Amino acid sequence: MSLKINLENKNMKILIIPIGPPGCGKTSLGLFIKNRFDKVFYTNRDDEYKKLRDEGNGSRKTRRILYDNLMEFYDSVNKFKGGCIIYMDSVNGIDSIRKKFVESMTVDRVIYINFIVSDCSIGFLLDRTMKRKGHPTFPTDKDEQLVTLKNVMDSVVYVSEFDKISSDSIIINY
């Protein structure tokens with residue numbers, strides 16, 4: 001079953017969770033879906049994080065506000081009647097956190113998109129992340145960012161068939 005067929009099913013509530021390192025295209029895909037389809041709930045934690053930090057909030061307060069905002073987001077999605085697409089951009093690559101997201105949502109289908117990149121792609125990813133001005137969690141120095149990017153790539157846990165929450169889940173390896 002294709003991603004397009006799933007997204008065009010206007011009666012289903014579909015949760016999309018992109019998984020991969022920074023610079024691989026998760027946000028670009030999310031913005032495409034947001035602009036292409038009706039009834040899309042879109043959240044990007046990095047944008048919210050940056051805004052809160054720019055307002056002068058400390059780390060602890062920022063995390064609390066982000067958590068509260070996420071709970072409000074879940075509440076509004078869960079109360080929504082009818083079909084829609086929920087795109088959870090900037091969801092952590094840690095599988096236990098992903099499972100909490102999925103378990104807190106009332107959806108008909110979960111689509112995991114694994115943006116699998118090889119170590120030889122790190123130069124491409126670094127070029128893309130270096131173009132982001134003011135990324136909230138990445139250093140601005142190229143060498144420091146390369147180390148951070150390698151650490152993130154090593155820590156991303158992709159979803160496999162064994163990790164699926166339900167049999168209705170779909171995994172797309174890109």
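This is a predicted model: local features need pLDDT of at least 70, side-chain atom pairs count only at pLDDT 80 or more; totals for chains, interfaces and linings use all residues.
Let me start with Phe41, which at 18% relative accessibility counts as buried, where buried means under 20% relative accessible area, exposed over 50% and partly exposed in between, with a 1.4 Å probe and protein chains only. Residues are numbered from 1 along each chain as its sequence is written, and side-chain values use heavy atoms, leaving out hydrogens and water.

The rings of Phe41 and Phe80 have centres 5.3 Å apart and planes at 75°, so this pair is edge-to-face; rings of Phe, Tyr and Trp (its six-membered ring) pair if their centres lie within 6.5 Å, and planes under 30 degrees apart count as stacked, over 60 as edge-to-face and the rest as tilted. Phe41 sits in strand E2 and Phe80 in the loop between H4 and strand E3 (84-89), 39 residues apart, with helices (H or I, at least four residues) and strands (E, at least two) taken as DSSP runs numbered from the N terminus. Phe80 is partly exposed, at 26% relative accessibility, whereas Phe73 is buried at 13%. Together, Phe41, Phe73, Tyr74 and Phe80 form one aromatic cluster.

Turning to helix H7, its buried residues are Gln145, Leu149 and Met153. Seen down the axis of H7, these fall within an arc of 75°, so they line one face, the arc being that of the directions from the helix axis to the C-beta atoms. The face turned away from that buried side carries the exposed residues Asp143 and Asp154.
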